[in-house]
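Keep the structure open as you read.

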Amino acid sequence: MTRAAALTTPYAVCADVGSTWTKVAVVDLVSGALLASAARPSTVGTDVLHGLDAAVAGATDGLSGVASAPWYVCSSAGGGLRLAVLGYEELITARAGHQVGLSAGARVVHVGAGRLDAAGLSELRAARPDVVLLVGGTDGGDAEVLTHNAGRLARARWRIPVVVAGNALAGPAVRDVLAERGVPVTVTGNVLPQIGVLDPGPARAAIRDVFLRHVIGGKRLSRGPRFGRLVRSATPDAVLSGVELLADLLGGDLAVVDVGGATTDVYSVLVPDERVGGPGRPAAGVLWRARTVEGDLGMRWSAPGVVAAASAERLLAPGEEGPLAAAAATLAAEPGRLVAESAGRAVELRIAALAAVVAVRRHARGGGVAGQPARDLRDVRLLIGSGGVLRYADPAAGIGILEGVSTDHAGGWPLPRTARPVIDVDYVLMAAGLLAAAEPAAASALLRRHLLAR
């Protein structure tokens with residue numbers, strides 16, 4: 001549909017306010033067509049609304065009804081959502097909480113297990129979380145550690161919001177302990193109601209609500225309340241909602257690798273497998289719709305980490321590490337710099353390719369800070385690439401990066417048998433995720449047009 005034909009069409013403005021760029025997509029709510037898009041530098045240093053309003057103005061130029069169009073906004077500016085997890089023990093509830101935190105769009109900055117002591121409290125404070133996820137015990141099981149940790153936070157005059165998602169029978173008492181000392185607390189369903197059963201939905205919703213009510217306004221990204229009212233979720237949470245909807249439309253397994261400036265995120269949605277329902281099922285449960293975040297892999301701030309990780313994984317050619325490390329240091333020192341020359345673009349694409357391979361290796365092999373389980377990606381039918389470096393790359397180069405992931409025979413993980421590579425050139429996963437709850441038909445049509453029909 002042309003812009004002129006859309007003058008009287010109801011549409012929605014979908015926006016992602018990142019730390020570097022603010023991206024806007026205008027979506028026809030009848031057909032699901034992408035009417036327009038724009039990107040402007042984020043204005044984190046002054047007021048993020050300046051950059052957001054500029055991006056929306058650029059995307060809606062020539063469209064009527066701008067004042068009445070609904071806005072759907074997500075944000076990762078200011079570091080996004082920083083989450084700490086405190087669990088009963090490392091291999092089960094702390095691991096389950098870590099997986100749920102990632103699925104809620106958070107960057108998990110601390111994972112603690114067992115009774116919280118003075119040293120653990122110091123480590124927790126040093127991690128500077130925006131929210132603490134307090135888990136522990138199956139429903140009707142042990143509640144001692146959960147209760148102890150709540151009491152320790154209460155006595156420490158903790159003022160960071162706490163989401164309690166542990167033993168349901170202990171929830172009311174834990175809430176009272178925290179609330180009586182002025183700790184902002186939300187009690188929700190147990191992430192691990194029984195051994196081997198992982199239930200992320202209630203905690204994910206509670207974390208999203210706390211992010212909107214307590215966190216986004218506290219980052220001082222804007223002077224007034226308007227930005228806080230506009231934001232509906234953290235960006236990774238919105239993208240995961242888009243990925244989940246796409247998987248439902250696809251009817252099979254898919255994976256997304258999103259190479260950003262500071263992190264590289266990998267999402268995977270797997271069809272539940274009856275084989276893990278027996279005695280051999282993981283004690284911490286299986287999260288069929290999952291996300292991992294690699295904080296040392298990125299195109300700007302974390303570019304040096306890409307080179308270091310690629311070297312450790314033996315992905316670099318002889319003599320490549322020195323020049324690539326120097327180029328990565330320059331990118332990290334000048335995160336707002338746009339690379340235009342061909343040699344610089346080639347270096348960027350090489351760093352992106354390495355970041356994608358290492359991130360998917362970690363996602364598939366498991367391990368990491370909380371020992372997350374491995375992901376079986378053999379049945380992935382659609383492999384999607386996202387992030388500015390892939391969206392603005394030559395199409396063949398972007399597809400080549402994804403093919404490098406799906407043919408990573410030395411990576412130590414079972415490769416997809418048949419995965420079709422697609423670049424999310426128009427960043428519709430974000431827009432579809434923001435629209436999924438309120439406008440599911442438009443969100444589905446948007447994904448079909450731009451990712452399934454390619």
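This is a predicted model. The structure holds 22 salt bridges. A few of them are worth a visit one by one.

Start with Arg361 and Glu313. Their side chains meet in a salt bridge, with N to O at 2.7 Å. Arg361 sits in helix α11, which covers residues 342–365. Glu313 sits in the loop between α9 (303–312) and α10 (321–333). The two residues are 48 apart in sequence, so the pair ties together separate parts of the chain. How much of Arg361 is accessible, and is this residue buried or exposed? Its relative accessible area is 2%. The cut-off for buried is under 20%, so Arg361 counts as buried.

A second salt bridge joins Glu320 and Arg350. Here the closest N and O atoms are 2.6 Å apart. This pair also links distant parts of the chain, 30 residues apart. Glu320 belongs to the loop between α9 and α10, and Arg350 to helix α11. Glu320 has 18% relative accessibility, so it counts as buried. Arg350 has a relative accessible area of 29% and is therefore partly exposed. Some salt bridges share partners. Arg204, Arg208, Asp237 and Glu244 are joined in this way into one network.

Now turn to Arg175 and Asp176. These two form a salt bridge, and their closest N and O atoms are 4.0 Å apart. The criterion is a distance within 4 Å. Arg175 has a relative accessible area of 36%, which means partly exposed. Asp176 is partly exposed as well, at 41% relative accessibility.

Next comes a group of like charges on the surface. Which residues gather in the patch of positive charge? They are Arg155, Arg157, Arg159 and Arg181. Residues of such a patch have no salt bridge and over 30% relative accessible area. Arg181 shows 45% relative accessibility, so it counts as partly exposed. Its place is the loop between α5 (171–180) and β9 (185–187). Arg157 lies in another stretch, the loop between α4 (144–155) and β8 (162–164). At 67% relative accessibility, Arg157 counts as exposed.

Where does Tyr427 lie? Look in the loop between β15 (420–423) and α14 (428–435). The surroundings of the two residues can be set side by side. Tyr427 is at 9% relative accessibility and so counts as buried, whereas Arg157 is exposed at 67%.

Step back to the whole chain. How many helices and strands does the secondary structure hold? It comes to 15 helices and 15 strands. Along the principal axes, the C-alpha trace spans about 60 × 55 × 45 Å. Of the 454 residues, 54% count as buried.

Notes:
Residues numbered from 1 in each chain as written. Predicted model: local features only at pLDDT ≥ 70, side-chain atom pairs only at ≥ 80, totals over all residues. Heavy atoms only, no water. Patch = residues over 30% accessible without salt bridge, like charges linked within 9 Å, V, L, I, M, F, W, Y side chains within 5 Å. Areas by Shrake-Rupley, 256 points an atom, 1.4 Å probe, with all protein chains shown as cover. Lys, Arg positive; Asp, Glu negative; His and termini not counted. Charge placed at Lys NZ, Arg CZ, Asp CG, Glu CD. Helix = DSSP H or I, 4+ residues; strand = E, 2+ residues; numbered from the N terminus. Buried < 20%, exposed > 50% of the residue type's maximum accessible area, 1.4 Å probe, protein only.
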